[in-house]
Amino acid sequence: MIDVKLKLQPGHTGDLDWMAPSPLWQLFWNVTDACNFNCAICFSNAGRAAQDELSSEEAENMIRDAHAAGVTDIVVSGGEPFQRPDLVRLLTTMAKLGVTARIATNGSLLTEDLLRRLREETLTKSFQISLDTLDPALYEKIHGAPRGALDAALEALRWIRKLGFHTTVSTRLSPRTLSGIPALLDRAVEEGWATVTIHCPLHTGRMDGAWPQDADVFSLLEEVFEHFLTLPQRWLVETCVPWAPFHPVMERLSKRIRVAHAGCAAGRFRLAISASGWISPCICMDLPAAPMGNVRTHSLADVFHNSPVAQLMRCPQDHGICADCAHVARCGGGCRAAAYALTGRLDGVDGSCPVQIARSDQKARAYANR
């Protein structure tokens with residue numbers, strides 16, 4: 001995913017040399033494809049459970065293999081993860097091995113009793129609730145959700161906050177959600193939510209009503225950043241966009257507030273696991289073009305160290321990706337999921353990169369002046 005995180009409260013940040021060699025320490029796991037909502041924008045094309053989803057035993061074997069490979073943290077999502085009946089069992093298995101969990105959910109199935117159980121029996125650290133908007137009618141339309149679903153999500157957020165979990169709300173950037181992000185930020189201040197995460201378009205999933213893949217997302221967000229700077233409580237802006245340091249909007253913003261660039265973890269310190277056990281560098285790269293194996297038959301440690309796709313993610317210039325660009329060692333050749341969405345090739349050009357855009361414009365001007 002390519003995200004912008006507006007962090008209101010001090011906490012962890014991914015401000016590190018994300019292109020430096022790293023062991024595998026995190027997974028992003030879609031535990032089921034089942035979902036009780038029908039979002040127009042869905043990075044995993046969720047809906048019904050897949051017929052070949054991992055059984056409880058297979059899932060626990062994967063958790064043990066991940067722990068043996070060095071994984072200490074798993075981001076749990078879906079689909080709607082709480083549609084999986086054995087989720088608490090799996091989270092408990094993780095806790096027994098010392099593996100922490102961060103859960104991304106629509107919040108509709110969370111109750112006080114369930115949250116208290118997760119606090120007592122698991123090592124769940126945080127929740128990210130997909131909120132998108134504070135307008136009830138728009139929320140129901142965006143999520144394909146029943147009436148009252150927004151109120152249920154807000155009530156879940158109150159209990160998440162009350163029980164001491166790190167609290168994040170998210171919105172998927174689209175023409176329908178952009179104007180409402182300042183209101184989300186204001187509500188975050190009122191409710192004590194720690195982070196508002198903005199998911200940028202990635203056209204490898206369901207993207208009905210999203211901006212195009214090469215949209216200039218930082219220019220679109222410039223007024224949102226201005227609003228963030230006016231808040232009485234704010235900490236920093238964190239980007240999970242490989243080329244973010246080179247965008248003029250972010251260059252200007254970094255002179256007014258701390259901006260942390262977390263880059264892209266895909267294949268570098270994180271792998272993704274689908275509900276059916278397929279391994280990919282990123283949950284948005286569960287694609288035929290990015291085969292890495294299946295947890296039923298492959299060791300995560302072996303895949304991480306030896307998969308050609310993982311090696312492409314870590315050393316893109318060795319595979320011809322942006323090999324003539326001086327910045328490739330810092331940006332990793334951009335977002336591979338975006339490049340695939342734009343070109344149909346895993347080693348294609350990420351045309352949303354501002355450096356690529358500037359170079360293309362320069363070439364066009366030079367050609368026009370011949």
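This report walks through a helix, a strand, a loop glycine and some salt bridges in a predicted model.

Let's start with helix α5, which covers residues 149-162.

Strand β8 takes in residues 195-199, and five of its five residues are buried. In a regular strand, side chains alternate between the two faces of the sheet. In β8, Thr 195, Thr 197 and His 199 are on one side, while Val 196 and Ile 198 are on the other. Both faces are covered.

Which way do the neighbours of β8 run, parallel or antiparallel? Strand β1 (residues 3-7) runs antiparallel to β8 and is joined to it by five bridges; here Leu 6 has Val 196 as its bridge partner. Strand β7 is also joined to β8 by five bridges, but that pair runs parallel, with Thr 168 partnered by Thr 195. To get from β7 to β8 the chain passes through α6, and this β-α-β crossover is right-handed.

## A buried glycine in a loop

Gly 79 is in the loop between β4 (73-77) and α2 (87-96).

Leaving aside neighbours within four places in sequence, Gly 79 is in contact with Thr 32, Asp 33, Ala 34, Cys 35, Ser 44 and Ala 46. Asn 30 is 49 residues away from Gly 79 in sequence, yet the two are 6.8 Å apart in space, C-alpha to C-alpha.

## Salt bridges, buried and otherwise

How many salt bridges does the structure hold? The count is 15. One of them pairs Arg 172 with Asp 132, with the closest N and O atoms 2.5 Å apart. Arg 172 belongs to strand β7 and Asp 132 to the loop between β6 and α4, so this pair ties together parts that are 40 residues apart in sequence. Both Arg 172 and Asp 132 are buried.

Arg 256 and Glu 226 make another salt bridge, again with the closest N and O atoms 2.5 Å apart. This pair links distant parts of the chain, 30 residues apart: Arg 256 is in the loop between α9 (248-253) and β11 (259-261), and Glu 226 is in helix α8 (residues 222-230). Arg 256 counts as exposed because its relative accessibility is 51%, whereas Glu 226, at 35%, is partly exposed. Then there's Arg 345 with Asp 347, whose closest N and O atoms are 2.9 Å apart. Arg 345 is partly exposed at 47%, and Asp 347 is partly exposed at 29%. Finally, salt bridges with shared partners join Glu 57, Glu 60 and Arg 89 into one network.

Key: Residues numbered from 1 in each chain as written. Predicted model: local features only at pLDDT ≥ 70, side-chain atom pairs only at ≥ 80, totals over all residues. Heavy atoms only, no water. Helix = DSSP H or I, 4+ residues; strand = E, 2+ residues; numbered from the N terminus. Expected span 1.5 Å × (residues − 1). Contact = heavy atoms within 4.5 Å. Salt bridge = Lys/Arg side-chain N within 4 Å of Asp/Glu carboxyl O. Buried < 20%, exposed > 50% of the residue type's maximum accessible area, 1.4 Å probe, protein only. Pairing = 2+ DSSP bridges. Right-handed = clockwise from strand over helix to strand, strands pointing away.
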